[in-house]
Amino acid sequence: MTTAPPVAKPTRLHVPGRRQQVAALSRERLMLVMLLFLAAILGIVLKIMYLTFTGQSFDDRAAGLTSLPLRPDIVDRNGETLARTIDAWSIGVHADRLLTRPEDLAPQLAVLMPEKTADQYLALLKSRKHFIYLRRRAMPELVEAVNALGEPGMAFAREPERLYPQAELAAHVLGWTNLDGTGVTGMEKLLDKRMTDPKYAGKPVTLSIDSRVQAAVEKELAQAMLNFQARGATGIVLDVHSGEVIALTSLPSFNPNDPGRSPPETRFNQAITGVYELGSTFKPITIAAAMDAGVVTSLSKRYDATAPLKVGKFSIRDDHPTKRWLNVPEMLVHSSNIVTARIADELGKDRLNGMFMRLGFGEPVSIELAGRGRPIQPVFWARTTTMTAGYGHGIAVTPMHLAKAYAALMNGGIMHPVTLLKREPGAIVPGTRVISPQVSYRLRQFTRMVVLEGTGKQANAPGLRVGGKTGTAEKASQGGYARKSLVSTFAGVFPVDDPKYAIVMMLDEPKGTAETYGYATAGWTAAPVVRKVVARIGPLLGIIPDARKDIPLEDIKPLIWHPKEGEE
Amino acid sequence: MMLARFRSIGWVAAAAVAVLCCYLISLRVATERGALESLEYKISSSQKHIRLLQTELGTRGQMNQLERWNEQALALAAPEAEQFLPDAEALVALTDRQPALPMQEDTQLASVATDLDVMPVTTTPTLADKPALRTASYEVAPVAAKLMQDRSVVDRPVTKSDKAEKLAKADKSAKTEKSVKAEKVAKSDKADKPAKGEKLAKSDKPAKSDKAAKTEKSAKSAKPDKPSKAEKLAKTDKPAKVEKSAKADKSAKDSKSAKSSKDAKSSKDKPVKLASLAVKGKETRRP
């Protein structure tokens with residue numbers, strides 16, 4: 001310290017102008033920094049302004065959050081929801097992020113979700129996969145229980161799920177979607193394109209089904225199925241003027257919320273897919289064809305029904321033999337096969353088949369659903385074929401064919417295409433004339449007589465003026481007909497004085513009960529269902545029961561011969 | 001000098017204030033917009049929630065479930081043809097059956113009335129409503145009836161009539177035509193017995209009786225019987241109490257007494273009621 005360095009001290013050099021130079025440099029630097037700051041501020045300001053004016057902000061994020069294009073609802077004609085997409089829980093697992101030992105977790109999962117065994121869960125958990133679904137469409141309770149296991153590797157997410165709030169109701173009409181939200185069957189499949197179209201997002205599809213009517217039909221048919229131990233049952237209610245299907249059911253049914261769990265046979269739609277020989281319900285069609293063609297000139301013309309009709313080796317007999325000569329109204333009231341065969345014979349193959357073709361019995365019925373059954377036509381029209389086809393044997397159609405044909409025959413003679421989508425009120429419905437209005441009126445009178453005095457007495461819902469025809473057919477089996485397995489059908493319209501709705505009820509292989517005195521024929525099985533259903537749905541559909549109203553029958557009643565007191 | 005030096009700073013400050021103001025405005029707007037957005041979000045989430053609840057309700061109240069409930073508990077059935085009425089006439093036909101019962105009761109009462117007509121009573125009793133008929137039973141009825149019968153002939157004890165009047169107080173529905181008749185009865189009573197009012201007054205308020213009597217006497221020249229009646233009624237009628245007190249006043253004027261008499265007239269229906277009640281009471285007792 002005390003010693004000074006011997007060398008010359010590098011003392012401050014006093015160079016003139018040096019100070020100014022430094023000052024100028026620092027000023028330059030300062031300026032540069034300031035410019036940088038300014039540029040940064042300017043950049044921020046510009047960005048703020050840009051954001052302010054272009055408005056790419058919360059708005060769009062919120063919109064993105066809320067309005068994911070959901071599959072639109074399906075509602076019935078009154079706006080009741082039949083199918084809807086909701087947010088459901090799904091449970092998954094990140095198998096590579098588990099904290100608990102898979103050996104401990106697997107049995108717990110097996111308890112909560114018993115669809116897989118503990119071993120299967122163990123295999124899944126040990127797979128080290130990044131993500132595995134354990135359950136989709138999980139109930140909130142289950143999610144809570146799984147969450148309570150405390151495993152951070154579990155993943156819970158909300159996913160859109162298709163829910164059918166009415167469960168089994170109209171299941172065959174609705175169909176269902178798979179887990180990806182694509183329609184698999186039914187209207188879900190048909191409407192898939194419309195459902196995924198962003199143009200229609202949020203706009204529900206309105207079906208022609210009335211869920212109240214549908215419920216009534218399903219309930220009464222299920223009851224009848226149980227009573228008569230039937231294999232299946234079908235019910236159709238059709239608007240005769242617009243062709244809208246108000247109810248369509250095929251029992252046994254399934255739950256579209258969980259279609260995988262239902263037996264496969266329940267998914268068979270008997271109303272659309274199944275073809276049956278529908279028996280005597282064809283008689284009004286034959287009569288209509290005969291009257292329209294001018295074969296039946298007078299209602300009082302009598303036909304021989306005293307003995308079974310023998311044609312070649314065939315013999316046509318009546319189920320309720322009257323053993324006398326019958327006119328046309330009597331033929332329907334007593335459901336005489338012999339007389340129908342005679343009339344069909346007179347009518348001829350071409351004209352009878354022509355009527356069948358006009359009624360659409362030559363092709364699958366035109367409706368939105370897939371899997372429409374193709375009617376079974378006689379391959380070769382022998383003379384006997386014409387005769388038997390006249391009373392509904394040898395030709396098989398779907399119940400929907402029959403409902404459509406009855407609607408056309410009774411509404412004044414115009415056939416409308418059937419649809420499952422609601423038509424706008426007042427919309428013009430395409431239609432083709434199949435018979436004349438006069439013949440249609442006569443048919444209404446005849447079918448009313450059947451219900452008042454004939455085989456369809458049990459279908460008479462008081463005040464609702466049901467007109468229709470029963471049909472009991474034996475099921476075809478190997479090499480002939482099985483006498484014990486019947487298809488009992490009732491087809492008709494109500495109110496018959498001003499037809500609004502056609503109704504077809506069919507029971508597949510009903511068994512007679514003590515209440516029906518062992519009979520399983522349509523008059524004892526299908527007709528009472530029609531009465532119960534019509535009594536329920538009539539007021540719902542705006543038809544007020546009125547015991548004083550009816551179709552005029554003064555000109556028909558005298559034609560029906562009644563045995564006098566004491567006579568056979 | 002100083003000012004000039006600070007000018008630039010002043011500019012900067014002014015600019016800063018202006019910018020700050022602008023920024024505040026934009027901040028305000030942003031806040032509003034944010035609030036609006038959060039509200040919209042709230043609305044949409046509420047709608048989602050509503051939809052969820054609707055779905056749950058619809059699922060729980062599905063047709064099959066309603067059907068099950070109906071089977072188990074409600075047992076509702078489809079309406080039948082008879083339950084629908086086609087027109088207004090059918091409705092009238094339905095309602096026509098109903099009045100049959102009350103009509104019968106009416107005729108019964110009418111027969112009672114005819115019985116009364118036969119009786120030697122100057123008043124035709126009204127068809128007093130039933131509760132009155134019941135209350136006017138044993139104790140009052142015989143006395144009151146007797147009173148009615150005797151009125152034209154003899155005087156009866158004051159206390160009894162007083163009691164009857166009290167009973168009349170209870171009744172409120174009286175008919176005018178009867179009141180006229182009753183008036184006659186009352187008048188005839190008073191003509192016979194001008195002193196009745198005095199007696200009544202005495203029984204009720206002995207202290208006042210003298211004064212009342214005096215008033216009556218003074219007024220007698222103009223209206224011989226009315227004041228007494230007015231007093232009597234005044235006692236029975238609550239609204240008339242004012243007049244009663246007025247009457248108690250010694251300087252009772254003609255005008256006042258006239259007024260009171262008017263009131264008496266207007267409220268004369270009360271005695272009539274009594275009469276009818278009385279007779280009724282007797283009638284009920286007779287069989």
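## A residue and its surroundings

Leaving aside neighbours within four places in sequence, Thr470(A) is in contact (C-beta atoms, placed from the backbone, within 7 Å) with Ser280(A), Ser335(A), Thr455(A), Gly456(A), Phe490(A), Ala522(A), Gly523(A), Ala526(A) and Ala527(A). This is a predicted model, in which local features need pLDDT of at least 70 and side-chain atom pairs count only at pLDDT 80 or more, while totals for chains, interfaces and linings use all residues. Residues are numbered from 1 along each chain as its sequence is written, and chains are lettered from A, with ligands numbered from 1, in the order in which they are written.

Where does Thr470(A) sit? Its place is in strand β14 (residues 467-477) of chain A; strands (E, at least two residues) and helices (H or I, at least four) are DSSP runs, numbered from the N terminus. Thr470(A) counts as buried because it has 30 C-beta neighbours inside 10 Å; the cut-off for buried is 20 or more other C-beta atoms within 10 Å of its own, with C-beta atoms placed from the backbone. Gly456(A) is 14 residues from Thr470(A) in sequence, and their C-alpha atoms are 6.0 Å apart in space.

## Helices α3 and α4 of chain A

Two packed helices are described by the angle between their axes and the distance between the axes. Here, helix α3 (residues 102-112) and helix α4 (residues 118-126) of chain A pack at about 135°, with axes 8 Å apart. Axes are lines fitted to C-alpha atoms, for helices over the stretch in contact, and angles run from 0 to 180 degrees between N-to-C directions.

α3(A) and α4(A) are therefore oblique to each other: angles under 35 degrees count as roughly parallel, over 145 as roughly antiparallel, 65 to 115 as roughly perpendicular and the rest as oblique. Residues making this contact include Leu105(A) and Leu109(A) of α3(A), and Tyr121(A) and Leu122(A) of α4(A). By class, the contact has ten nonpolar, no polar and two charged residues. Nonpolar covers Ala, Val, Leu, Ile, Met, Phe, Trp, Tyr, Cys and Pro; charged covers Asp, Glu, Lys and Arg; the others, Gly among them, are polar.

## Helices α12 and α14 of chain A

The axes of helix α12 (residues 337-347) and helix α14 (residues 383-390) of chain A come within 8 Å and cross at roughly 125°. That makes α12(A) oblique to α14(A). Their contact has five nonpolar, three polar and two charged residues.

## Where the chains meet

How many residues of chain B are in contact with chain A? There are 20, and they touch 26 residues of chain A. α1(B) gives the most to this side of chain B, with ten residues.

Technical notes
Two residues are in contact if their C-beta atoms, placed from the backbone, lie within 7 Å. A residue is buried if 20 or more other C-beta atoms lie within 10 Å of its own, exposed if 12 or fewer, and partly exposed in between; C-beta atoms are placed from the backbone.
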